[in-house]
Amino acid sequence: MGVITGIREKLHFVLYALVAAFIALIVFEWGMNFNGFSGGGALAGKVNGKPIEYRHYERVYESLVDNFRSQALQAELTDAVERELRQRAWDIVVNQIILEEQLEKYNIRVSDEEVVAAVESDNPPMVIVQNFFDQETGSIDREKLEKARMAPENKEIWIRIEDIIRGELVEKKLQQTLNRMVRVSDAELEAVVDRELGSFSASFIPVPYNMAGNDTLFTVTDKEVEDYYNENREMFRQEPTRALDYAVFSAVPSSRDSMSVKNELESLAVNFAEADDDSAFVNLQSDRSDAFDKRYSRADFSVEAGDYVFDESRLEAGGIIGPVADRNAYRLIKVKDVSNGEPVARASHILIPFEEGDATGEAAARETAAVILQDIRAGKRFADLAEQYSQDEGSASQGGDLGWFARNTMVPEFDEAVFGATTGSLIGPVETRYGLHIISVTGRDTKTITCSEIVRNIRPSDATLENARRKAAEFQIEAEENGFDRAAEMLGIDQHTTGYVTKTDMIPKIGYNNTITRFAFTSSKGAVSDVIQTDSGFLVMQVSGNNDSGYRKLDEELQGVIRSELLTRKKGEALDQKLSALLEEKNGNLDAVAGALDGVSVVTAENIRFNEQEIPGYGRDIRLMEAIIGMEPGSVSKPVAISDGRALILLHKKTYEKNDLESRKNMLRAMLEQVKEERFVQDYFAAERRAATIEDLRGF
């Protein structure tokens, strides 16, 4: 994919998203004359001093909720979804005021005559096209349109349609106004031509940061860390944050709870076997109402449940299998048919990750993979090595076992390797975007069943819930009286912490929970919450930290990040000095420079094309490619920053595709103008929003 194509895809419909959508929603709800939502009610907030009434914000939110429910009939309005929709509603009302200010700034208006002219034009507004386009004739059905306009019963509807049209015309006028500010220079065009049509031949010496010397040679002082933080303060801007300590009181289903569910399903087995209408029976009895006439393979079960279900002794058409425990549920299965289908596989893996473009990291990963393969071939257990080496947290503790999976479930390289091998194969290292994988294929199967099933989730009983709730309440009382830390110590309760989170962040290890967020941002530091129920039990929380400064605190974690950045910067500066001196000493001869450096060599690559995103024979390094295409043939670069250090480059030549070069340049200019116009609108509104004084008074 070319650079221009990629940018166009990313920015397509930017105006619609940032301008037209706001207008369309607002004019549909209130018409064009809402004037900042002011009107005397309780305020949700202010934008540049202009009030937003809470009732208007709520109406936008309710519209989004209605749309969500109409688009996803079975979906639950969870805390995460509610939070997302409220944020969208807030963005809409804020951006609408910012938009209104721009319309005033540029004196953009649309008259009634312009609305009528738009309706009657050969290129009518979208709302007209959507409702009056005739597929057979390929044009607007004018007779149908006129009848709709003139019908007395459509008077109120047509007023709204005209408001939507007015909004579309306003958006176009604003776009045209902003587009007049955009120009494409010859230099910009040539840069795009190089990226899209250029082919380059170059030699270069990549020099990693570690050649600057050991970390101990470079000192980063606390003062330098603090100065960097102050000089780059805007990099650390953030919403207000809170940190919470909390105690967990799990309501895990007891063995009695589990047995109760199993017994219930066992009592249904005979009636299920005799039922004539599986759909009705499943709909009445199952926690998953659509679980009838389904086709399953082993990949649709946990390993243990799959072994049970697909045992040859149980695979019989008309038979009942189970109840079988599977992933916090019991499943009672009525088999309709047994057949062969697409193969599924079971595999274990050991993941050794490295950053894309990090040549040193990749080399280290390949060395580790070679050691692991040697150990496996020497007789060491794959599972033990997975626990020792694998960086896939989800599978490492299981000895690398990924269970059963179907084709196209894993990333393509992994999928191809596994399904191209036989059971018992050891494969690798296989490279994917996650790193290197050593893979052991442990199973293949083609058996499938067509069945209906009753699924009952294993939930904690009322007694189990009440026991956990009581323990949480005892802790909460103790924490209120003697302090959170003292209560945890006295009752032997483990404390956990969330770290700093914003109002919109997912809370680590908990997820989205509006009750917790509401408590965190409406309570003072040290406050202890009431008992809070979650899906897995109960929590008691304490606000342990707050930050309303608008900037991330220079805490220990951020100090470490800055210190690492400054260390890398100092190593880069040391490499700059070293390579510049060698370049001068060796009269720009790259071979001579490489000869003076241990462990590096000159790399020569032909036919380097930017839109292929990879240097032939070397790999991916966007910063190196950017440097190459910015040079003139025959020139040698100064040290340039690359992904893992510095490089010296000699550009031999650059050529262009000869076919229709000028016409392709003209096409690229037109495309670049369009992209710049779209990007300019996006950047313009983003800048206006950043510059706006926005007061969020919604609370929770």
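Trainee: How far apart are the mean positions of the positive and negative charges of the protein chain?
Mentor: Lys and Arg count as positive and Asp and Glu as negative, with His and the chain ends not counted. Each charge is placed at NZ of Lys, CZ of Arg, CG of Asp or CD of Glu. The chain has 82 positive and 120 negative charges, and their mean positions are separated by 2 Å.

Trainee: On what kind of model do these values rest?
Mentor: Residues are numbered from 1 along each chain as its sequence is written, and side-chain values use heavy atoms, with hydrogens and water left out. Local features need pLDDT of at least 70, side-chain atom pairs count only at pLDDT 80 or more, and totals for chains, interfaces and linings use all residues, since the model is predicted.

Trainee: What percentage of the residues in the protein chain is buried?
Mentor: Buried means under 20% relative accessible area, exposed over 50%, and partly exposed in between, with a 1.4 Å probe and protein chains only. The chain has 700 residues, and the buried share is 43%.

Trainee: How much of the accessible surface belongs to carbon and sulfur atoms?
Mentor: The areas come from the Shrake-Rupley method with a 1.4 Å probe, and for residues only the protein chains shown count as cover. The accessible surface of the chain is about 37600 Å², and the share of carbon and sulfur atoms is 46%.

Trainee: How many helices and strands does the protein chain have?
Mentor: Helices (H or I, at least four residues) and strands (E, at least two) are DSSP runs, numbered from the N terminus. The C-alpha trace that carries them spans about 85 × 85 × 70 Å along its principal axes. The count is 24 helices and 19 strands.

Trainee: Of the contacts with a separation of 6 or more, what share is between residues 24 or more positions apart?
Mentor: Contact means heavy atoms within 4.5 Å. With that cut-off, the share is 69%.

Trainee: Which residues does Leu661 contact, leaving aside its neighbours within four places in sequence?
Mentor: Leu661 lies in helix α24 (residues 661–691) and is partly exposed, because its relative accessible area is 21%. Its C-alpha atom is 8.6 Å from that of a residue 464 places away along the chain, Leu197. The contacts of Leu661 are Leu197 and Tyr656.

Trainee: Is Ser425 buried or exposed?
Mentor: Ser425 lies in the loop between α17 (412–419) and β11 (426–432), and its contacts beyond four places in sequence are Ile439, Ser440 and Val441. Because its relative accessible area is 19%, Ser425 is classed as buried.

Trainee: Which backbone oxygen does the side chain of Ser425 reach?
Mentor: A polar contact is a pair of N or O atoms within 3.5 Å; within protein, one must be able to donate a hydrogen and the other to accept it, and residues adjacent in sequence count only if both atoms are side-chain atoms. At 2.7 Å, the side chain of Ser425 reaches the backbone oxygen of Thr422.

Trainee: Which strand holds Pro429?
Mentor: The peptide bond from Gly428 to Pro429 is cis, with omega about 0°. Another cis bond joins Gly322 to Pro323, with omega near 10°, and Pro323 is in strand β8 (residues 320–325). Pro429 lies in β11.

Trainee: Why does Arg327 count as exposed?
Mentor: Arg327 has a positive phi of about 50° although it is not a glycine, and it lies in the loop between β8 and β9 (329–352). Arg327 counts as exposed because its relative accessibility is 53%.

Trainee: How far is the C-alpha atom of Leu402 from that of Pro124?
Mentor: Leu402 is in strand β10 (residues 401–406), and beyond four places in sequence it touches residues including Ala347, His349 and Phe414. Pro124 is 278 residues away along the chain, and the C-alpha separation is 55 Å.
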